[in-house]
Amino acid sequence: MANIKSQKKRILTNEKARQRNNSIKSELKTAIRAVTNAVESTDKAAAEAALSVASRKLDKAVSKGVLHKNNAANRKSGIARRVNNLA
C-alpha cells in the first residue's frame with residue numbers, strides 16, 4: 001500500500017475509472033453481439049438498427065478514452081461489412 005497521500009487518492013480514482021471502463025466495454029460487447037445475432041438470423045433491418053447503436057457506443061467509448069480510435073474504427077468496419085454482405 002502507498003504511503004503518500006496523493007498516491008492513495010490516485011488508487012481510489014483509478015479503481016473508479018477501471019469500473020467505469022469495464023461497464024462501457026461490457027455494453028460494447030452486448031451491442032456487437034446484437035449485431036452478430038441479427039446477421040446470423042439474416043434480418044437486415046434489425047442488423048442495421050443494431051449496427052447504428054453499436055457504432056454510436058464505439059464512438060462514445062473512444063471519446064471517453066476507453067478504446068483507441070483505430071481500434072473502434074476496425075471494429076465498426078468489421079461489423080458494417082458483415083451487415084452489408086446480407087442480401
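**Close-up 1. Contacts between α1 and α2 in the predicted model.** From α1, the residues Ile24, Glu27, Leu28, Ala31, Ile32, Ala34, Val35, Ala38 and Val39 take part. They meet Ala46, Ala47, Ala50, Leu51, Ala54, Lys57, Leu58, Ala61 and Lys64 of α2. The two helices pack at an angle of about 160 degrees. Their axes lie 8 Å apart. Angles over 145 degrees count as roughly antiparallel, so α1 is roughly antiparallel to α2. The crossing of α1 past α2 is left-handed.

**Close-up 2. Helix α1 and its buried residues.** Helix α1 covers residues 5–40. Its 36 residues should span 52 Å at 1.5 Å a residue, and the end C-alpha atoms are 53 Å apart, which agrees. Buried here are Ile24, Leu28, Ala31, Ile32, Val35, Thr36, Ala38 and Val39. Their cover includes α2 (44–64) and α3 (69–84).

Close-up 3. Helix α3 has 16 residues. From first C-alpha to last, α3 reaches 22 Å, close to the 22 Å expected at 1.5 Å a residue. Ala72, Gly78, Ile79 and Val83 of α3 are buried. An α-helix has 3.6 residues a turn, so residues three or four places apart point the same way. What covers the buried residues of α3 includes α1 and α2.

Technical notes:
Residues numbered from 1 in each chain as written. Predicted model: local features only at pLDDT ≥ 70, side-chain atom pairs only at ≥ 80, totals over all residues. Heavy atoms only, no water. Helix = DSSP H or I, 4+ residues; strand = E, 2+ residues; numbered from the N terminus. Expected span 1.5 Å × (residues − 1). Buried < 20%, exposed > 50% of the residue type's maximum accessible area, 1.4 Å probe, protein only. Contact = heavy atoms within 4.5 Å. Axes fitted to C-alpha atoms, helices over the stretch in contact; angles between N-to-C directions. Parallel < 35°, antiparallel > 145°, perpendicular 65-115°, else oblique. Left-handed = near helix turned anticlockwise from the far one by under 90°.
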